[in-house]
Amino acid sequence: MTVPRRKPLAKKKVPYKRKVKKKGLSIKWKIALAGLFLLLLSPFYYGYIIKNVTSAWRWVRDIGSNPNYRTYKSFNIRIPTNYKIHGIDVSSYQGKIDWQRVKNMRQDSVHISFAFIKATEGVLLVDPYFQRNWREGPKAGIACGAYHYFRPNFSGKWQAKFFLQNVKMQKGNLPMVVDIEELDGVQPAKMRERLKDFLSQIEIKTKVKPIIYSGLSFYQDYLLSYFDDYTLWIAHYYQPQLIVGTTINWKFWQHSDKAKVNGINYVVDFDVFNGDSLAFKKLLVR
């Protein structure tokens with residue numbers, strides 16, 4: 001009996017098993033995330049972020065206004081940005097000043113390079129902090145100039161002599177300044193005559209032409225065209241620019257009286273110099 005052959009058994013197909021990716025992050029990602037985590041914990045990272053965010057958002061309050069007039073938080077004022085040399089002017093009102101802290105203060109490129117210091121007033125008054133400021137300001141590396149508050153009801157020559165008795169000029173100082181802001185009941189012509197006497201006396205004794213300081217309106221009302229050959233320091237507050245005429249030789253602009261400066265306990269006047277560093281150096285006493 002013939003036994004029929006059986007058909008060979010078909011090989012059982014084994015289904016293809018796809019590799020199932022394990023859930024979770026690869027070792028590379030874990031290392032990267034660990035590094036990022038450590039960076040976020042770093043105080044240097046936070047310092048960098050805060051610094052740059054502050055810088056980016058500092059001018060938000062100035063959006064829509066003159067782009068050349070920016071708010072500087074450290075000084076708590078808006079400052080015209082087209083000037084590179086900045087300074088202050090002080091008197092006994094500011095009290096005892098830490099001049100080294102004044103010198104060290106900086107925000108962006110703004111720092112104090114010069115200071116005008118009140119010395120005398122009329123024919124009798126000496127600012128009680130003058131000698132200390134006159135000594136400590138230059139010691140901290142700040143170019144300083146002394147100013148006299150002019151009283152038109154006194155002789156210009158007497159006031160000049162009194163000013164010179166109390167201020168000893170040195171190499172590197174700014175020229176002496178006369179601060180004229182009011183008439184004191186004197187006729188404008190008489191005021192100008194006495195002011196001229198003061199200026200002439202100072203120039204004769206020091207061989208340096210003094211600077212005239214005045215408010216913009218007072219200058220335009222009583223001094224314009226009479227003293228245009230003198231270097232001028234004009235007070236005009238809270239404006240993006242100073243416009244006083246093309247023929248006026250102004251070199252200093254007192255643009256704010258509300259600045260806050262490290263080392264000074266009270267608000268202080270803030271100024272800019274109209275020129276570059278070379279022009280500033282040429283103005284200093286040699």
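Q: What makes a residue count as buried in this predicted model, and what percentage of the protein chain do buried residues make up?
A: Buried residues make up 42% of the 286 residues in the protein chain; each of them has under 20% relative accessible area, and therefore meets the cut-off for the term.

Q: Why is His-111 called buried?
A: The relative accessible area of His-111 is 18%, and because buried means under 20%, His-111 falls within the term. His-111 is placed in strand S5, which covers residues 110-121, and, with neighbours within four places in sequence left aside, it is in contact with His-86, Met-105 and Arg-106.

Q: How do you know which residues have the most contacts inside the largest nonpolar core?
A: That core has 57 residues, and those with the most contacts inside it are Phe-75, Ile-88, Trp-99 and Phe-270. Beyond residues up to four places away in sequence, Phe-75 touches Met-105, Gln-107, Val-110, Ile-112, Lys-258, Ala-259, Lys-260, Val-261 and Phe-270. Another core, of 16 residues, lies apart from it, with Phe-116, Ala-143, Tyr-213 and Leu-284 among its members.

Q: Which residues of helix H4 are called buried, and what covers them?
A: In helix H4, which spans residues 130-139, the buried residues are Phe-130, Asn-133, Trp-134, Glu-136 and Gly-137; because the term requires under 20% relative accessible area, each of these residues lies below that value. Their cover includes S3, helix H3 (99-104), S5, strand S7 (143-149) and helix H5 (156-166). Just after H4, Gly-141 takes a positive phi of about 95°.

Q: What is the volume of the largest pocket, and which residues are the closest to its centre?
A: The largest pocket has a volume of about 220 Å³. Its lining consists of 16 residues, of which Asp-89, Ser-91, Tyr-147, Gln-254 and Asp-269 are the closest to the centre. Strand S3 (85-90), strand S11 (250-259) and strand S12 (268-273) each supply at least two residues of this lining.

Notes:
Residues numbered from 1 in each chain as written. Predicted model: local features only at pLDDT ≥ 70, side-chain atom pairs only at ≥ 80, totals over all residues. Heavy atoms only, no water. 1 Å grid on protein atoms, 1.4 Å probe; cavity = no way out; pocket = protein on both sides within 12 Å on 5 of 7 lines; lining within 4 Å. Points joined across faces, edges and corners; volume = space filled by probe spheres on them. Helix = DSSP H or I, 4+ residues; strand = E, 2+ residues; numbered from the N terminus. Buried < 20%, exposed > 50% of the residue type's maximum accessible area, 1.4 Å probe, protein only. Contact = heavy atoms within 4.5 Å. Core = buried A, V, L, I, M, F, W, Y, C linked by side-chain atoms within 4.5 Å.
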